[in-house]
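Subject: Structure handover

Dear colleague,

Here is the structure we spoke about, with the sequence. My notes on it follow below.

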Amino acid sequence: MAILVQPDTRVLIQGITGGFGARHAQLSLDYGTQVVAGVTPGKGGQSFRHGPHDVPIFDTVTEAVKQTGAQASAIFVPAPFAADAILEGADAGLELVVCITEGIPVTDMLKVRQAMQGRPTRLIGPNCPGIVTPGSGPDSHGGCRIGIAPGYIHRAGRVGVVSRSGTLTYEAVWQLTRAGVGQSTCVGIGGDPVPGMSHLDVLRLFNDDPDTHGIILIGEIGGTAEEEAAAWIKENCRKPVAGFIAGATAPPGRRMGHAGAIISGGKGTAAAKVAALADAGIAVAETPSVMAETLLKLLKR
Amino acid sequence: MTGTAGWKLAPQARGVRGLILKIEAAFRGRHTPAGFAMNIHEYQAKQLLARFGVPVPPGEAVGTPDEARAVAKRLLADGHAKVVVKAQIHAGGRGKGTFKTGLQGGVRVCASADEVLERAQAMLGQVLVTRQTGPEGRVVGKLLIEAGVRILREYYCAVLLDRAAGCPVIMVSTEGGMDIEEVAAHTPERIVREWVNPALGLQSFQARKLAVALGCQGDLIRAGEKLLLGVYRAWWESDASLVELNPLALVEGPAGKPTLLALDGKVGLDDNGLFRHPDLQALRDLAEEAPLEVEASHHGLNYIKLDGSIACLVNGAGLAMATMDLIQHCGGQPANFLDVGGGASVEQVTAAFQIIMKDPNVRAILVNIFGGIMDCDVIATGIVQAVKDTKLKLPLVVRLEGNNVRAGKQRLKDSGLPILSGDSMADAARTAVRVAA
């Protein structure tokens, strides 16, 4: 088992005919992910062809879910339409919506957050690399890849990874894989100030997943989500956790790429986050080069 | 840079409430395109607020001393006893700032049109240094000429996002006209907040609660309600990150009747929301932004200049930050933050090298690319091409990892260029620090 998505999870792609969406739909199909539908308003009835694959396109998410039994979606639509796409996914009753789109206005996400309260649909992102549950084939083929992460860097196994950053997640995963250690599920929650699932939401799932034996938590400056996660881990987490926080050298008041990565008035600093992690008994990696190594030392104990 | 680094929050204000203040504090010193907000000038903020029914003093922005004099004349003729001259730069602390000419104060109350003319001549085109501009200061290109008013009380009011609560918050304080960080530190109970349901917007009763908290009585309660509803609507409908009135003042109105007025206005706009506000987008003042950062943004690069000697070029914001940290861990100092995004095309790498080379402090360049989807061989080809195109003379250390990495490293080797290769991130950072020393 893994969390949120399994190798047999049926995936639909909102924005499958756009350049970005099409490219990653192809890569997911190549990875062996069960991409069962695409949605592009006005192109219903057409199909998305790639190699031996022939994926039907629908006008609406509801129709796609009804016809194909899709359970999760990846959103690649442009920022002005992304909030609407998230709500359409929730309305159609999807279990999981993963929004890759970057640059969604804060006010849109505030409305989305409000509207999704009390609904069963979970949201990952926006502005995130997505989620991967590696498969058991060569180069982790046969897994569920929703989003833009490179599939081949993964390996099926028992370490959970949760992170706000894309390439930094790939680094951690690649370090694990090269050390011969596989992952249960890797979740990139994204770098926006109003996100869907938080570090804490994902950690709870890892904690309850019998097949996840250790966790790597990657955070960065800004906000207090890492501190909240650390406080929860201290009281509740039964599994070894290694952490890394990026942004120790970032100056206050400057946004470091991600809209959420900003040190404000002396809070949200890397030092404060590292202290909170260490206080919770999390092994904090000194450099990004030793993220996997730090966890493996804990697991060997 | 923000002047808030030493600011510590009182224990009572910790948690959600404390966080809001910290977010707010972050806005006070920032003035760059890489921030999560595009700042606009005070006069533009006041025009925006006025559109939402927020009362502001009569006045006009001018670019020449003669215009300043003409506006002052008109205001005096309208019966205003005083005229205020306010330097328009994207930084706070103007009143206590100093011009490089030695002139004190970027805000001045004048009693005659000739005095306004004289002041405008002394301020326009000059560099004003405040506690938020850094020692380099900012050139004053425009002045706001405004009617002077008799201030009875000064309040504080702001709307911003509460990240932890996931909703907007509007806050007011009776302690206006001073640093809100100070208020939060010493008298946090004097800051009153209302969290807003984004689906409903600020409700009238919430606005009245805040007005009453400010001490408004009688007719002023309704006036305060209307003003605060306008401030919130300005925040929401403009896709703002911050709307701040400091001070929001109780002033002597016509016939001596007290009235509320936004004496100062600061608005930061959410970059991501600008696409639906072309009118606000047009307010961007590139003169207020760091030139290299503006140039970088034209190439889709996210660049922030820092003070160190080792430039870095990385794909992904998190990895870019981690690379900066690693440089410091190895005993060096990063010269910049530079995220080339998920890809790393020849054009982007070339533009990145060109920008890095304009920073005279740079002694070495560290390229750290995780080629996930992109082929490392393609990335290496791009790097080699960019080095040739830019005739790069600085020592270059490249660390590639990911897809087809062996071919990529071979290509760097075969290029005959003096490119140093790092096997791991740490190895590359150590090498960069060594060659920069």
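Chain B and chain A bury about 4800 Å² between them, and 63% of that area is on carbon and sulfur atoms. Please bear in mind throughout that this is a predicted model.

The interface

On the chain B side, 61 residues are in contact with 64 residues of chain A. The two chains share 3 salt bridges. One of the charged pairs is B:R399 with A:E171, where the closest N and O atoms are 2.5 Å apart. Across the interface of chain B and chain A, 16 residue pairs are in polar contact, both partners having pLDDT 80 or more. Several elements of chain B each supply at least two residues to the side that touches chain A, including α1 (16-27), β10 (167-173), α7 (219-237), β18 (364-371) and α14 (425-436). The element that gives the most is α10(B), with 10 residues. By class, this side of chain B has 32 nonpolar, 19 polar and 10 charged residues.

Helix α5 of chain A

A:E171, the partner of B:R399 in the salt bridge, is among the buried residues of α5(A). This helix covers residues 166-178 of chain A; its 13 residues should span 18 Å at 1.5 Å a residue, and the end C-alpha atoms are 18 Å apart, so the two values agree. Of its 13 residues, 12 are buried; among them are A:L168, A:Y170, A:W174 and A:L176. At the start of the helix, a side-chain oxygen of A:S165 comes to within 3.2 Å of the backbone nitrogen of A:L168. After the helix comes A:G180, with a positive phi near 80°.

Chain B has 14 helices and 20 strands. Its C-alpha atoms fill a box of roughly 85 × 50 × 40 Å along the principal axes. Of its 437 residues, 58% count as buried. Among contacts in chain B between residues at least 6 apart in sequence, 70% join residues at least 24 apart.

B:K86, in strand β3 (residues 83-87) of chain B, has a relative accessibility of 9% and therefore counts as buried. What does the side chain of B:K86 reach? It makes a polar contact with the side chain of B:E42 at 2.7 Å, and it also reaches the backbone oxygen of B:L263 at 3.2 Å. Leaving aside residues up to four places away in sequence, B:K86 touches residues including B:K46, B:R94, B:K142, B:E146 and B:D264.

Backbone points to check

Most residues other than glycine have a negative phi, and most peptide bonds are trans. The following depart from that pattern.

- The peptide bond from A:G125 to A:P126 is cis, with omega near 10°; A:P126 is in the loop between β7 (122-124) and β8 (130-133) of chain A.
- B:N246 and B:P247 are joined by a cis peptide bond, with omega about 10°; B:P247 is in strand β12 (residues 240-252) of chain B.
- A:D139, not a glycine, has a positive phi of about 55°. A:D139 lies in the loop between β8 and β9 (144-147) of chain A, and counts as exposed because its relative accessibility is 54%.
- B:K391 has a positive phi near 50°. B:K391 sits in the loop between α12 (376-390) and β19 of chain B and is exposed, with a relative accessible area of 60%.

Regards

Notes
Residues are numbered from 1 along each chain as its sequence is written. Chains are lettered from A and ligands numbered from 1 in the order in which they are written. Side-chain values use heavy atoms; hydrogens and water are left out. Contact means heavy atoms within 4.5 Å. Buried area is the accessible area (1.4 Å probe) that two parts lose on being put together, summed over both. A salt bridge is a side-chain nitrogen of Lys or Arg within 4 Å of a carboxyl oxygen of Asp or Glu. A polar contact is a pair of N or O atoms within 3.5 Å; within protein, one must be able to donate a hydrogen and the other to accept it, and residues adjacent in sequence count only if both atoms are side-chain atoms. Helices (H or I, at least four residues) and strands (E, at least two) are DSSP runs, numbered from the N terminus. Ala, Val, Leu, Ile, Met, Phe, Trp, Tyr, Cys and Pro count as nonpolar, Asp, Glu, Lys and Arg as charged, and the others, Gly among them, as polar. The expected span of a helix is 1.5 Å times one less than its number of residues. Buried means under 20% relative accessible area, exposed over 50%, partly exposed in between (1.4 Å probe, protein chains only).
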